[in-house]
Amino acid sequence: MLEFKLAIKNLLGSGLRTWLNVTVLSIAFVIIIFYNGMLDGWNMQASNDTRAWETGGGQYWHPEYNPYDPFTFADSHSQPPEAVEKLKEKGLMTPVLITQATAYPSGRLVNILLKGVDPEQKIVAIPSHMLKEISEDPEYIPAIIGKRMAQSLRINEGDRMLVRWRDANGTFDAREVTIAAIFQTTVPSIDAGQVWIPLEKLQDLTRMYGEATYAIVSPQSTSNPVGGEWIFKDDKALLKDLADIMAAKKGSSRVISSLLLAIALLAIFDTQILSIFRRQKEIGTYIALGMTRLRVVYLFTIEGTTHSLLAILTGMAWGMPLLFWIQKTGIPMPANADQAGVSIADKITPYYGAGMIMATVLLVIISSLIVSYLPTKRISKMKPTDALRGKLV
Amino acid sequence: MKNNSIKNFTLLALSLFSLNLPGQDGNAILDRVDRNLSSKNRVIESSMTIHGRRSSRTITSRSWTEGDKRSFTEYLSPASEAGTKMLKLEGQLWIYTPSADRTIQISGHLLRQSVMGSDLSYEDMMDDRKLSDVYTVTISGRDTLQKRDVIILELVAKVSDIAYYRQKMWVDAERFVPLRQEMYAKSGQLLKRAELSDVKRVQERWYPSKVVYKDMLKDGKGTEFVTTSIKFDQQIPDHIFSKASLR
């Protein structure tokens, strides 16, 4: 306790030098929390939105289906296995059929994926209820598309667009679809390059009666049966891409955090060196009065580490209101931020988890403890007589 | 007056007969068309001009074709495509690209992709089945096209594995060469149109030396094929149709 009191007294006595160190460290501390909070917030938002709009509680895939290879789509369709169909009867699964197609908006050629979804499904947030056929015209094909797709095709609600595809035998067919609704989603993987039409309509048009490419399982489904030849992909597998991106982002966040901390800790390290150099007589006096060298080392280490405690308190004082204000208002993202294919909302709401804050506090304290201790090793080599005379070590 | 009425009636009946029961006639016309266009083998030099939105590019090639089973094509220009070779054996297609020095096999759904950005797919180029084998034919009328009398044939698919469910063909009534071909989707939507012209006499046949393919759903001028030289029934060495000739 004596050491801590002495440390506080010495630090406060140093005046501006202490507060400069504390300010720099507190800025690093707040920025590290902000940056990690932003990544955690983005991760949470992207994961939750992807589950809500696309992956549900898991998916059953046709064995040939590979979402990264569109050439597999033509072969990846069949009737879902019985065990999977049973989930549908309980309202815990909705099938999706995919076929490659070409859209011709205003005479332009755009390659698209034509996806069939059940208009009655409520498992994912796609507004499929807008696909309920309101027209008695048998040729009427309602379609919904995402906002990105609408911008790319330059079409609006109510517009008609010619779409060409091949049926299961490879025979061309082409019909006009009517854009029944344009939905806005943060998940580009269900928006870009895709046109959603009623599942049964697509099955009829492609002669793939009762068939699907994959099936989305409801998050309410407690058990996922073995789906015959179909492969079950759980939440972890479906969000792997997102997790990989986040891991890469966390890596870059660690680099930024290290740089910021290095700048702040360099100042503390410098201060410690200077303080030991300038306070040799004081060190000599402590030892002459009976303090062990270890205790003097301890005193100086505590003094350096106290910078970090003050920095954390200062950071909390000015950083907390700022961070909570940012959390409340969100960080606006540029309009084209989601063009990379990753789910990003218009605004990212940072999430400051207790674990992340505690980890950052420990990181700052432990790293400042280390840089405070390193210069004090010289003290253990000092002779008290030389120290009292102010002789250089 | 009465005689005239009988004559008119007879002419009308004959013309109706020829329109309503033309199955055999249609097939006979298709046979004549096949005799003009098909051969044991042929060697063709041609240029393919692909009209894009901003510019056009022309690719010249030399092809050796034997029936509907074997074909070998070597691209001669432009420099970026020169040396590219394409070999078709039965239902398989290989492409050799000199820049990558690699031979790749085009199969499955890759065959449905466009050939060098043109309005034709590899599948379009490969599907050489006789029209009479895959379509039922009816004569739907007569017309004049390119200042020639033409018979209009309606072709409806009788097999399921075919790209175009229905076709309409304008065949020169005298030379039995198609002058226009339209390909339709199952829904009746017109998908592609081919305009054939510059019909020339080549070795006792009539052959259209210019064909313009157009994807009717998109803007643009389509893809133009011009046959600069064609020789039928030549002696083609067997090694031409081997994978060794790709390199």
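Q: Okay, two residues are in contact if their C-beta atoms, placed from the backbone, lie within 7 Å. Among contacts in chain B between residues at least 6 apart in sequence, what share joins residues at least 24 apart?
A: That share is 42%.

Q: Before I go on, what kind of model is this?
A: It's a predicted model, where local features need pLDDT of at least 70 and side-chain atom pairs count only at pLDDT 80 or more, while totals for chains, interfaces and linings use all residues. Residues are numbered from 1 along each chain as its sequence is written, and chains are lettered from A and ligands numbered from 1 in the order in which they are written.

Q: How many helices and strands does chain B have?
A: Chain B has 4 helices and 13 strands. Both are DSSP runs numbered from the N terminus: helices are H or I with at least four residues, strands are E with at least two.

Q: And how much of chain B is buried?
A: 27% of its 247 residues. Buried means 20 or more other C-beta atoms within 10 Å of the residue's own, exposed means 12 or fewer, and partly exposed is in between, with C-beta atoms placed from the backbone.

Q: Where are they, and are they buried or exposed?
A: D198(B) is in strand β11 (residues 190–202), and it counts as exposed because 12 other C-beta atoms lie within 10 Å. E204(B) is in the loop between β11 and β12 (205–215); it has 8 C-beta neighbours inside 10 Å, so it is exposed too.

Q: What about the peptide bond from S77(B) to P78(B)?
A: That one is cis, with omega near 0°. P78(B) is in the loop between β3 (70–77) and β4 (85–89) of chain B.

Q: New topic: how many residues does each chain put into the contact between A and B?
A: Chain B gives 17 and chain A gives 15. The chain B side has 8 nonpolar, 5 polar and 4 charged residues. Here Ala, Val, Leu, Ile, Met, Phe, Trp, Tyr, Cys and Pro are nonpolar, Asp, Glu, Lys and Arg are charged, and the others, Gly among them, are polar.

Q: Over to chain A. How do α9(A) and α10(A) pack?
A: Helix α9 (residues 293–329) and helix α10 (residues 354–376) pack at about 150°, with axes 8 Å apart. The axes are lines fitted to C-alpha atoms over the stretch in contact, and angles run from 0 to 180 degrees between N-to-C directions. That makes the pair roughly antiparallel; the cut-offs are under 35 degrees for roughly parallel, over 145 for roughly antiparallel, 65 to 115 for roughly perpendicular, and oblique for the rest.

Q: Which residues make that contact?
A: Among them are V297(A), F300(A) and A311(A) of α9(A), and V361(A), L369(A) and Y373(A) of α10(A). By class, the contact has 10 nonpolar, 8 polar and no charged residues.

Q: Where is S275(A), and is it buried or exposed?
A: S275(A) is in helix α7 (residues 240–278) of chain A, and it counts as buried because it has 20 C-beta neighbours inside 10 Å. Its C-alpha atom is 85 Å from that of T171(A), which is 104 residues away along the chain.
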